[in-house]
Amino acid sequence: MAVIDMQHLTMNFGSKKILKDLSTQIQTGEIVGLIGLNGAGKSTLINLMLGLLTPSKGQLTIFGEKVNETKHLDRIGVMFQNATAVDHVTVSEQLDWLRSFYENPAPLSTLLAAAGLSDMAKEKASSLSGGQLRRLCFAQALSGQADLLFLDEPTAGMDIISRKKFWLQIAQLKQAGKTIILTSHYLDEIEQVATHLLILKDGHFIHDGSLSQLRNHFDQKVVSFDSDLPIKLFTCLTGVVSAVKKNRSVRLITQNSDLLLRQLLKLDQDSVKNIYVEKNSLNDLFSELVEEKSVELPA
């Protein structure tokens, strides 16, 4: 049985169609990257899955039952994008307040450790920095030991060390069989952890599957190098899908890296240096799906 099953899901606000005939299934233990440009419908879809909105058409179930069933509250944890601190209470007190809503809450010490806030347990929650507040919000999402987690822009505001520790926590949750739905503008992070990608554009899923399936669909690679030559010269080469240049660094997306390399090697050897070929990143694939780009970026 799928953890989430949506069939022909449609959401309208008045005459405006936000989500259009969405169908997919999310299985136990998957880490789902839900991505799309601003306004694509991500927040609306999350609110539907949380039962905060009722779909205009279609079917949506969580754990095989209607999403608005109160029995699901103990099985779902949410890390909202806008983290908030309760005034005049400590970090521990805020977590204990959240824990009180669940029948089988996680131990307070476990939550503090997961958030890296054990040393700040007695500090006022309102005194936390933006990154620390995000970590507190993560601990709150874990309070009920939920089977299904929704994490909205989870690492926004975190420093690089906190982000690294956060993704280690996500790996442990996956090993424990938790199902996680992530939204983030940091696509490089989604690329590293997601087992299932849902890409929204204009209310439709334009991709529903793995990163490897997306790569196979485009069959593209990235050729990077240094050059002082104008970007227009490279966009004219056979097989170039898109191109970006910043300072001397050039990145070309191509459907035939061998052919492109042969063309580059015909140029003056001092014109193109430090050539590197790699698989297309999720950032590049996403850009290819939602926009065209062949630009020279400002220094």
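The paragraphs below go through this predicted model, from the whole chain to single residues.

The protein chain has 299 residues, and buried residues make up 48% of them. Its secondary structure comes to 10 helices and 15 strands. Along the principal axes, the C-alpha trace spans about 70 × 45 × 35 Å. The accessible surface of the chain is about 15,500 Å², and 49% of that surface belongs to carbon and sulfur atoms.

One place to start is an open sheet of 4 strands. The order of the strands is β2-β1-β4-β5, and the pairing is antiparallel. Strands β2 (16–26) and β5 (65–66) each have a single partner strand, so they stand at the edges, and one side of each is left without a neighbour in the sheet. Strands of a sheet pair through backbone hydrogen bonds, in a parallel or an antiparallel way. Strand β1 (residues 4–13) and strand β4 (residues 57–62) run antiparallel and are joined by 5 bridges. Threonine 10 stands opposite lysine 57, which is in β4. Helix α1 (residues 42–49) lies across β1, β2 and β4, and runs at about 120 degrees to β1.

Helix α2 covers residues 91–99, and serine 92 lies in it. Is serine 92 buried or exposed? Its relative accessibility is 14%; because a residue under 20% counts as buried, serine 92 is buried. Leaving out residues up to four places away in sequence, serine 92 touches Leu108, Leu112 and Ala121.

Just after α3, glycine 116 takes a positive phi of about 65 degrees.

The largest nonpolar core has 46 residues, and Leu151 and Ile170 have the most contacts inside it. Helix α4 gives the most to this core, with 6 residues. A second core of 28 residues is separate, and includes Leu22, Ala40, Ile46 and Ile76. To return to isoleucine 170, this residue touches Ile31, Phe138, Leu151 and Ile180, again not counting residues up to four places away in sequence.

Last, two residues stand out by their backbone angles. Most residues other than glycine have a negative phi. Aspartate 202 is not a glycine, yet its phi is positive, at about 55 degrees. Aspartate 202 is in the loop between β9 (196–201) and β10 (204–209). With a relative accessible area of 52%, aspartate 202 is exposed. Asparagine 274 is also a residue other than glycine with a positive phi, near 60 degrees. Where is asparagine 274? Its place is in strand β14 (residues 273–279). Asparagine 274 counts as exposed because its relative accessibility is 60%.

Technical notes: Residues are numbered from 1 along each chain as its sequence is written. This is a predicted model: local features need pLDDT of at least 70, side-chain atom pairs count only at pLDDT 80 or more; totals for chains, interfaces and linings use all residues. Side-chain values use heavy atoms; hydrogens and water are left out. Helices (H or I, at least four residues) and strands (E, at least two) are DSSP runs, numbered from the N terminus. Buried means under 20% relative accessible area, exposed over 50%, partly exposed in between (1.4 Å probe, protein chains only). Contact means heavy atoms within 4.5 Å. A nonpolar core is a set of buried Ala, Val, Leu, Ile, Met, Phe, Trp, Tyr and Cys residues joined through side-chain atoms within 4.5 Å. Two strands pair if DSSP finds at least two bridges between them. Axes are lines fitted to C-alpha atoms, for helices over the stretch in contact, and angles run from 0 to 180 degrees between N-to-C directions. Accessible areas come from the Shrake-Rupley method with a 1.4 Å probe; for residues, only the protein chains shown count as cover.
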